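Student: Could we go through this structure together, with you giving the general idea of each feature before the case at hand?
Tutor: Please have the sequence and the coordinates open while we talk.
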Amino acid sequence: MLGVRKNLMKMKIKIGKKILAKNEDFAAVNRKFFKKKNILCINMISSPGSGKTTILEKTIGQLKKKINIAVIEGDLYTKLDAERIRATGVQAIQIETKGACHLNADQITNALHKLDTDNLDIIVIENIGNLVCPSDFDLGETMRVVVLSVAEGDDKCRKYPQSFAKANILLINKTDLLPHLDFDIKKVKKDALKLNKHLKIFEISAKTAAGMKNWFNWLTEPRTPVSP
Amino acid sequence: MHEAMIAENILETILAQTKTKAGKVTRVVISCGQINAINDEAMQFAFEVAAADTICKGAKLKIKHIPLKGICRSCGRKFDFDLYDPKCSKCGKSDFSIGDDAPLLLEEIEFEKK
């Protein structure tokens, strides 16, 4: 058989499939579930340290007598944030991603099985602190909230446009620090609205409670259920 | 490094498509939009890692970036929207609407049959 060429044949195979189709399938399952249960699900995205957990603590403290809130906490390794949320007296499920930079929709589907979702009004998913990766992964949420703290600098909308382009709400947090910083809040709002003219922006300080009322009002306002 | 997860998903899709065939994959073509924030270097690296010990080992990965289209409300021009510099490329105004971003797509593969 010496000298016989191996019969190699090259061919192109068209595939044309969405790479994140699996994630999208789970996101669709979650979205359907939220709609059926009439739950407002919020996917909260920000850099580390922007104050997501503090905003949630204050929000739950203020609203828990009026509405039922639960939280799904994404963290790389620790359970610290879930413990902080449980201390406020509401359900919190921890997802430890073991180093992964974002949450996937199937992790949310699993977490939903562990929650008592009867009579829940709002589920907040606190995503991994990261302004890049989480924005690619639809979790089936009803609304996406991006948090930017003024200490991070006023160039973040320009540097991480993906997160802002896909959000429904922008919370500009830690506004109590503004007198100490060169943070041009007008510029940030302008930059953010350029990327996303439908973005609703609230200026808040979770620490001093300044502006938090507008956020609470938005959370509790009656809304027509979104179509799946 | 969401690219790692994306690479895993690419591999899963390819392996599902080729499981009845003997041979190896020599080229993989994917396309992505602007909001996907795919970093080419990170994507190449993640793909190489995910492809190790599979029939995709050593396959070339081609990444196509599909521009996001903006339509200027001032001058009416359709332009490639730059997320990092959001303005009309003709008149410079920033009053525009943005089209849908292209999804992350596994377009095609090149397969070398044994």
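Tutor: Let us begin with burial, for which a residue must have under 20% relative accessible area. Bear in mind throughout that this is a predicted model.
Student: Which strands pair with S5(A), and in what sense?
Tutor: Strand S2 (residues 40–46) of chain A runs parallel to S5(A) and is joined to it by five bridges, with A:Leu40 standing opposite A:Ile122. Strand S3 (residues 69–75) of chain A also pairs with S5(A) in the parallel sense over five bridges, and there A:Ala70 stands opposite A:Ile123.
Student: How should I read the packing of two helices, and at what angle do H1(A) and H4(A) cross?
Tutor: One looks at the axes and then at the residues in contact. The axes of helix H1 (residues 21–36) and helix H4 (residues 105–114), both of chain A, come within 7 Å and cross at roughly 35 degrees, in a left-handed crossing. The residues of this contact divide into eight nonpolar, three polar and one charged.
Student: Why does A:Leu199 count as buried?
Tutor: A:Leu199, in the loop between helix H7 (185–195) and strand S8 (200–203) of chain A, counts as buried because its relative accessibility is 6%, and the residues it touches include A:Phe164, A:Ile169 and A:Leu193.

Methods: Residues numbered from 1 in each chain as written. Chains lettered and ligands numbered in written order. Predicted model: local features only at pLDDT ≥ 70, side-chain atom pairs only at ≥ 80, totals over all residues. Heavy atoms only, no water. Helix = DSSP H or I, 4+ residues; strand = E, 2+ residues; numbered from the N terminus. Buried < 20%, exposed > 50% of the residue type's maximum accessible area, 1.4 Å probe, protein only. Contact = heavy atoms within 4.5 Å. Axes fitted to C-alpha atoms, helices over the stretch in contact; angles between N-to-C directions. Left-handed = near helix turned anticlockwise from the far one by under 90°. Nonpolar A, V, L, I, M, F, W, Y, C, P; charged D, E, K, R; others polar. Pairing = 2+ DSSP bridges. Lists of a residue's contacts leave out its neighbours within four places in sequence.
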